[in-house]
Amino acid sequence: MTTPTPARRTTARAIADDLRAQIRTGTLKPGDVLPTSRELADRYGVTPKTVGAGIDLLKGEGLVIGEQGGRRRVRANRPIVWNLTRFERGSRRDSASGDDWSTAIRDAGREPAQHITLHVGPADHRIASWLQVPAGTEVVQRIRLRTVDGQPYQLATSSFPMSIAAGTPLLEERDVSMPGGILAAIGHPQIQVRDEITIRMPDPEETEQLELPQGTPVAEHVRIGYGESGPVRVMVTIAPGDRHRLVYELEV
């Protein structure tokens with residue numbers, strides 16, 4: 001006698017799979033509010049606890065965010081295309097109204113802003129190794145929280161040896177931009193850059209500053225700028241994965 005096959009029980013994983021498919025096909029669109037836990041529980045024939053576990057999986061993947069009042073919404077960020085080949089290369093578009101990054105954001109029909117914090121102090125081992133100076137060497141750091149349409153999009157920290165920054169606008173705690181770039185304007189042009197990119201999870205401070213939902217990875221983009229006699233600047237940019245598409249264009 002053949003034993004009847006029991007009906008498959010709907011699991012949290014199955015609920016997450018179904019909702020994920022709806023998000024990817026556009027049935028659930030960016031910004032849409034998900035049905036309540038009770039509504040989903042009735043739909044799938046499970047308890048609200050099982051529904052909550054399924055939605056937690058989507059939160060961990062960064063597809064769904066929680067809001068005050070218990071609502072869950074499909075993430076709705078509009079990514080920017082950040083072309084790292086063109087950024088700071090060739091004919092720069094810096095002007096008194098904004099640097100190369102700000103100009104690129106405006107060209108995309110978005111509204112950029114940069115909020116500057118200035119810090120002067122000893123270089124830690126990472127900064128020192130990138131700038132090829134002894135650890136503890138005095139450096140100037142310009143920390144920029146970059147926003148697009150009022151939302152945090154990047155945290156960019158540029159570090160300069162004091163020997164280069166002293167007596168220049170790099171020591172001014174404001175959004176300073178000059179045609180061709182500040183370094184070229186003060187006599188230390190970059191003639192070569194090296195990029196290092198790491199994909200990782202953010203630390204608590206980055207999560208707070210960039211207002212990152214749970215489960216959002218970031219790209220850490222390190223760009224070292226070299227002058228004629230060595231490094232003149234290192235910029236470390238933290239870019240949330242849900243808000244960026246990084247592009248390189250290489251000749252072959």
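**The first helices and their packing**

Tutor: Helix α1 is followed by Gly 26, whose phi is positive, near 90°; helices here are DSSP runs of H or I with at least four residues, strands are runs of E with at least two, and both are numbered from the N terminus. This is a predicted model, in which local features need pLDDT of at least 70 and side-chain atom pairs count only at pLDDT 80 or more, while totals for chains, interfaces and linings use all residues. Residues are numbered from 1 along each chain as its sequence is written, and side-chain values use heavy atoms, with hydrogens and water left out.

Helix α1 comprises the 14 residues 12-25, and at 1.5 Å a residue it should span 20 Å, which agrees with the 20 Å between its end C-alpha atoms; the expected span is 1.5 Å times one less than the number of residues. Its buried residues (under 20% relative accessible area with a 1.4 Å probe, protein chains only; exposed is over 50% and partly exposed lies in between) are Ala 12, Ile 15, Ala 16, Leu 19, Arg 20, Gln 22 and Ile 23. Seen down the axis of α1, these buried residues fall within an arc of 160°, so they line one face of the helix, the arc being that of the directions from the helix axis to the C-beta atoms. The face of α1 turned away from this buried side carries the exposed residues Arg 24 and Thr 25.

The buried residues of α1 pack against α2 (37-44), α3 (48-60), β1 (64-66) and β2 (72-74), where contact means heavy atoms within 4.5 Å. Helices α2 and α3 in turn pack at an angle of about 105°, with their axes 8 Å apart, which makes α2 roughly perpendicular to α3; the class of roughly perpendicular runs from 65 to 115 degrees. In that packing, Ser 37, Arg 38, Leu 40 and Ala 41 in α2 meet Pro 48, Val 51 and Ile 55 in α3.

The buried residues of α3 are Val 51, Gly 52, Gly 54, Ile 55, Leu 58 and Lys 59, and they cover an arc of only 165° around the axis, which puts them on the same side of α3. These buried residues of α3 pack against α1, α2, β1 and β2, and α3 is followed by Gly 62, whose phi is positive, near 80°.

Definitions and conventions: Axes fitted to C-alpha atoms, helices over the stretch in contact; angles between N-to-C directions. Parallel < 35°, antiparallel > 145°, perpendicular 65-115°, else oblique.
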